[in-house]
Amino acid sequence: MRHELNFKASREWTMNVGVHYLLLLLNHSNSIEPRLSASYAMDDKQRLSLGFGLHSQVQPLGTYFEPMEGALETAYQFPLIPLISYRIEF
(Lines give C-alpha, C1' and ligand atoms only; values in the text may rest on other atoms or scores of the structure.)
Protein backbone atom coordinates (compact mmCIF):
# COMPACT_ATOMS: atom_id res chain seq x y z
CA MET A 1 0.00 0.00 0.00
CA ARG A 2 1.41 3.39 -0.93
CA HIS A 3 0.22 6.89 -0.14
CA GLU A 4 1.77 10.12 -1.33
CA LEU A 5 1.04 13.82 -1.33
CA ASN A 6 2.35 16.24 -3.96
CA PHE A 7 2.51 19.87 -2.91
CA LYS A 8 3.44 22.76 -5.18
CA ALA A 9 4.85 25.30 -2.71
CA SER A 10 5.56 27.87 -5.42
CA ARG A 11 6.09 28.09 -9.17
CA GLU A 12 9.62 26.73 -8.71
CA TRP A 13 9.29 24.37 -5.73
CA THR A 14 7.43 21.04 -5.64
CA MET A 15 7.42 18.74 -2.59
CA ASN A 16 6.40 15.10 -2.37
CA VAL A 17 5.79 13.24 0.91
CA GLY A 18 4.76 9.61 1.06
CA VAL A 19 4.78 6.34 2.92
CA HIS A 20 4.90 2.76 1.63
CA TYR A 21 3.55 -0.10 3.79
CA LEU A 22 4.49 -3.71 3.16
CA LEU A 23 2.92 -6.69 4.97
CA LEU A 24 4.37 -10.18 4.62
CA LEU A 25 2.00 -12.84 5.93
CA LEU A 26 4.46 -15.74 5.74
CA ASN A 27 6.55 -14.56 8.69
CA HIS A 28 4.14 -11.97 10.14
CA SER A 29 6.44 -9.02 9.46
CA ASN A 30 5.72 -5.57 8.14
CA SER A 31 7.64 -2.56 6.93
CA ILE A 32 6.76 1.14 7.01
CA GLU A 33 8.95 3.13 4.60
CA PRO A 34 8.80 6.94 4.57
CA ARG A 35 9.60 8.85 1.37
CA LEU A 36 10.37 12.55 0.84
CA SER A 37 11.46 14.55 -2.19
CA ALA A 38 11.84 18.18 -3.26
CA SER A 39 12.24 19.61 -6.74
CA TYR A 40 13.35 23.08 -7.82
CA ALA A 41 12.66 24.27 -11.39
CA MET A 42 15.58 26.50 -12.37
CA ASP A 43 13.90 27.30 -15.72
CA ASP A 44 11.56 25.59 -18.21
CA LYS A 45 14.16 22.96 -19.20
CA GLN A 46 16.21 22.38 -16.03
CA ARG A 47 15.13 20.94 -12.72
CA LEU A 48 17.11 20.06 -9.59
CA SER A 49 15.64 17.22 -7.49
CA LEU A 50 16.55 15.64 -4.18
CA GLY A 51 14.89 12.59 -2.66
CA PHE A 52 15.14 10.40 0.42
CA GLY A 53 13.39 7.16 1.26
CA LEU A 54 13.69 3.86 3.02
CA HIS A 55 13.28 0.92 0.63
CA SER A 56 13.04 -2.78 1.42
CA GLN A 57 13.36 -5.69 -0.96
CA VAL A 58 11.01 -8.67 -1.08
CA GLN A 59 12.99 -11.89 -1.42
CA PRO A 60 11.98 -15.02 -3.37
CA LEU A 61 9.47 -17.19 -1.52
CA GLY A 62 12.00 -19.94 -0.68
CA THR A 63 14.04 -17.48 1.39
CA TYR A 64 11.28 -17.35 4.01
CA PHE A 65 11.23 -21.13 4.64
CA GLU A 66 13.01 -22.17 7.82
CA PRO A 67 15.09 -25.37 7.64
CA MET A 68 14.41 -27.72 10.58
CA GLU A 69 17.38 -29.42 12.24
CA GLY A 70 17.73 -32.59 14.29
CA ALA A 71 15.80 -34.96 12.02
CA LEU A 72 17.01 -37.50 9.46
CA GLU A 73 14.61 -36.15 6.87
CA THR A 74 14.67 -32.65 5.43
CA ALA A 75 11.86 -30.47 6.75
CA TYR A 76 10.73 -26.88 6.26
CA GLN A 77 8.23 -25.01 8.41
CA PHE A 78 6.68 -21.56 8.23
CA PRO A 79 3.82 -19.92 10.17
CA LEU A 80 0.46 -19.28 8.51
CA ILE A 81 -1.23 -17.46 11.40
CA PRO A 82 -0.08 -17.06 15.03
CA LEU A 83 -1.34 -20.50 16.17
CA ILE A 84 -0.99 -22.51 12.92
CA SER A 85 2.13 -23.36 10.95
CA TYR A 86 2.76 -25.41 7.81
CA ARG A 87 5.47 -28.10 7.67
CA ILE A 88 6.91 -29.94 4.67
CA GLU A 89 9.05 -33.07 5.13
CA PHE A 90 11.05 -35.03 2.56
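The model is predicted.

Start with Tyr 40. Tyr 40 sits in strand β3, which covers residues 29–41. Its relative accessibility is 30%, so Tyr 40 counts as partly exposed. Now look for its partners beyond four places in sequence. Tyr 40 touches Glu 12, Trp 13, Gln 46, Arg 47 and Leu 48.

Along the chain, Trp 13 and Tyr 40 are 27 residues apart, yet their C-alpha atoms are separated by 4.8 Å. A search of the whole structure turns up one aromatic pair. That pair is Trp 13 with Tyr 40: the ring centres lie 5.0 Å apart and the planes meet at 50°, so the pair is tilted. Trp 13 belongs to strand β2 (residues 13–24) and Tyr 40 to strand β3, so the pair ties together parts that are 27 residues apart in sequence. Trp 13 has a relative accessibility of 38% and therefore counts as partly exposed.

Next, step to Ser 39. Ser 39 is also in strand β3. Its relative accessibility is 10%; the cut-off for buried is under 20%, so Ser 39 counts as buried. Which side chain does the side chain of Ser 39 meet in a polar contact? It is the side chain of Arg 47, at 3.0 Å. With neighbours within four places in sequence set aside, Ser 39 is in contact with Glu 12, Trp 13, Thr 14, Arg 47, Leu 48 and Ser 49.

Methods. Residues are numbered from 1 along each chain as its sequence is written. This is a predicted model: local features need pLDDT of at least 70, side-chain atom pairs count only at pLDDT 80 or more; totals for chains, interfaces and linings use all residues. Side-chain values use heavy atoms; hydrogens and water are left out. Helices (H or I, at least four residues) and strands (E, at least two) are DSSP runs, numbered from the N terminus. Buried means under 20% relative accessible area, exposed over 50%, partly exposed in between (1.4 Å probe, protein chains only). Contact means heavy atoms within 4.5 Å. Rings of Phe, Tyr and Trp (its six-membered ring) pair if their centres lie within 6.5 Å; planes under 30 degrees apart count as stacked, over 60 as edge-to-face and the rest as tilted. A polar contact is a pair of N or O atoms within 3.5 Å; within protein, one must be able to donate a hydrogen and the other to accept it, and residues adjacent in sequence count only if both atoms are side-chain atoms.
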